[in-house]
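Subject: The structure, plus what turned up in it

Hi,

Here is the structure I promised to pass on.

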Amino acid sequence: MKSSRSILILSLTLILSLFASSLRVGYSQPQTSTSLDGFSATGAAAQRSREEQFRAVPAASPAREHSRRLTAEPHVAGTKEDYATAIYVRDQMRSFGLTAELKEYDVLLPYPKRPAVVELVGPHRERLTLKEAAIPEDPSSSNPKIIPLFNGYSPSGDVTAPLVYVNYGLPPDYEALKKLNVDVKGKIALARYGNSFRGVKAKVAEENGAVGLLIYSDPADDGYMQGDVYPNGPWRPETSAQRGSVQYLFQYPGDPLTPGKPSIPGTERIKIEEATNLTHIPVQPISYGDARRLLTPMRGPLRPAGFQGGLPLPYHVGGTNDVRVHLKTEMDYQIRKIWNVVARIDGTDEKDRWVIMGNHRDAWVFGAVDPNSGTSAMLEVARGFGELLKQGWKPRRTILMCSWDGEEYGLLGSTEWVET
């Protein structure tokens with residue numbers, strides 16, 4: 001309850017400032033303890049009254065129920081479970097008295113055809129688990145609909161090569177390796193999460209000639225060195241791995257095949273090989289438990305300054321035939337539908353000036369914290385607006401409340417809506 005309440009308080013603080021801006025009457029006067037900038041004395045009193053009425057509506061109990069409904073199943077973008085969350089948000093908005101519609105887009109969305117393969121090759125071949133352990137205290141961790149570990153927009157690939165540990169996988173790390181005469185070209189890179197977006201790590205690995213990339217969360221950054229791991233604390237346990245997109249967002253976000261244009265019927269699509277925001281090497285997330293299996297036998301130079309992580313072993317950078325890895329990813333790339341929900345309260349005087357709030361809804365798994373703690377709070381804000389509408393209130397400017405889909409893959413839903 002404490003967490004739900006703090007989320008609601010933060011959301012209400014933000015929305016009340018927007019709420020006030022949507023009602024301003026263009027009159028300014030010196031500030032006093034009872035005045036509001038942009039309001040007459042009479043208008044300020046009315047605004048304060050409306051704010052109190054609004055603030056009395058959102059509550060932790062219905063927010064908790066929204067969270068329960070939205071996170072009952074894993075709901076990766078484009079799945080039927082994802083669609084069900086869109087219908088729930090739309091219908092809740094409508095039940096509050098708001099106009100709410102689905103906005104559908106057809107975007108390039110890859111799912112793994114089957115779990116990836118990462119294995120040590122050599123005299124003692126060993127295949128890594130690449131599976132998050134079920135936790136008895138958390139029944140959701142054994143849900144059969146949980147998608148295998150993968151990185152969104154990784155291509156399919158099948159490569160075998162020596163492994164090189166590249167620290168965070170950023171340009172200075174590769175420069176440090178060059179000073180040790182360690183070349184990444186033709187090899188598989190092993191990078192730890194942190195200090196940059198994972199798509200940057202993929203781009204830099206590709207630019208340095210790597211034929212594949214493995215990414216893991218080191219316990220120094222997200223694990224036992226930070227505190228108690230789940231379920232005893234919030235930090236990442238040994239078998240957990242971070243899913244996420246490796247789309248080159250810094251090139252352009254949204255559907256890779258319709259840059260700058262809405263991904264709707266009639267829009268011409270480019271070929272997948274023409275998309276400049278996609279990596280060309282297979283990328284796969286692994287746990288730090290699996291990363292330890294790779295780092296332990298590695299030889300080559302001892303790590304440069306700043307490369308040592310939190311696993312109980314001296315990190316070597318590899319690049320030799322002591323550790324060769326087979327990486328295989330099989331992805332199912334298809335055009336799939338995603339669904340935004342857009343609720344609208346038309347303004348009375350400045351209908352074409354919009355106050356927009358939004359939060360995404362899709363998740364790699366359940367998405368209880370990211371993103372649907374925010375969706376739950378937004379729905380309670382919508383309920384507050386609905387109650388004011390029933391009392392005859394109307395904003396001067398139009399208010400839009402948007403539940404975006406496909407954010408995890410690369411800001412898909414919000415980008416396509418704006419391009420539309």
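Below is what came out of going through it.

First, the ground rules. This is a predicted model, so local features need pLDDT of at least 70 and side-chain atom pairs count only at pLDDT 80 or more, while totals for chains, interfaces and linings use all residues. Residues are numbered from 1 along each chain as its sequence is written, and side-chain values use heavy atoms, with hydrogens and water left out.

**Overall**

The protein has eleven helices and 13 strands (DSSP runs numbered from the N terminus: H or I of at least four residues for helices, E of at least two for strands). Its C-alpha atoms fill a box of roughly 80 × 50 × 45 Å along the principal axes. Of the 420 residues, 53% are buried (under 20% relative accessible area with a 1.4 Å probe, protein chains only; exposed is over 50%, and partly exposed is in between).

**The cores**

The largest nonpolar core has 47 residues, and Leu-163, Leu-213, Leu-214, Tyr-216, Leu-295 and Val-325 have the most contacts inside it. A core here is a set of buried Ala, Val, Leu, Ile, Met, Phe, Trp, Tyr and Cys residues joined through side-chain atoms within 4.5 Å. Strand E5 (residues 157-165) gives this core its largest share, five residues. Beyond its neighbours within four places in sequence, Leu-214 is in contact with residues including Val-118, Leu-163, Ile-188 and Leu-327 (contact means heavy atoms within 4.5 Å). There is also a second, separate core of 26 residues, which includes Tyr-105, Val-107, Tyr-153 and Val-342.

**Helix H5 and the asparagines around it**

In helix H5 (residues 171-179), the buried residues are Asp-173, Tyr-174, Ala-176 and Leu-177. They line one face of the helix, because they fall within an arc of 155 degrees seen down the axis of H5 (the arc is that of the directions from the helix axis to the C-beta atoms). Their cover includes E5, strand E6 (188-192) and helix H6 (198-207). Pro-172 and Lys-179, on the other side of H5, are exposed.

Most residues other than glycine have a negative phi, and most peptide bonds are trans. Asn-195 sits in the loop between E6 and H6 with a positive phi of about 70 degrees, but counts as exposed at 61% relative accessibility.

**Cis peptide bonds**

The bond from Tyr-230 to Pro-231 is cis, with omega near 15 degrees. So is the one from Asp-370 to Pro-371, again with omega near 15 degrees; Pro-371 lies in the loop between E12 and helix H9 (372-390).

**The largest pocket**

It is lined by 41 residues, with Glu-132, Ser-240, Ala-241, Arg-243 and Val-365 nearest its centre. On a 1 Å grid over the protein atoms alone, a pocket is an open set of points with protein on both sides within 12 Å along at least five of seven lines, and lining residues have an atom within 4 Å of a point.

Best wishes

Notes. On a 1 Å grid over the protein atoms alone, a cavity is a set of points where a 1.4 Å probe fits but cannot get out, and a pocket is an open set with protein on both sides within 12 Å along at least five of seven lines; lining residues have an atom within 4 Å of a point.
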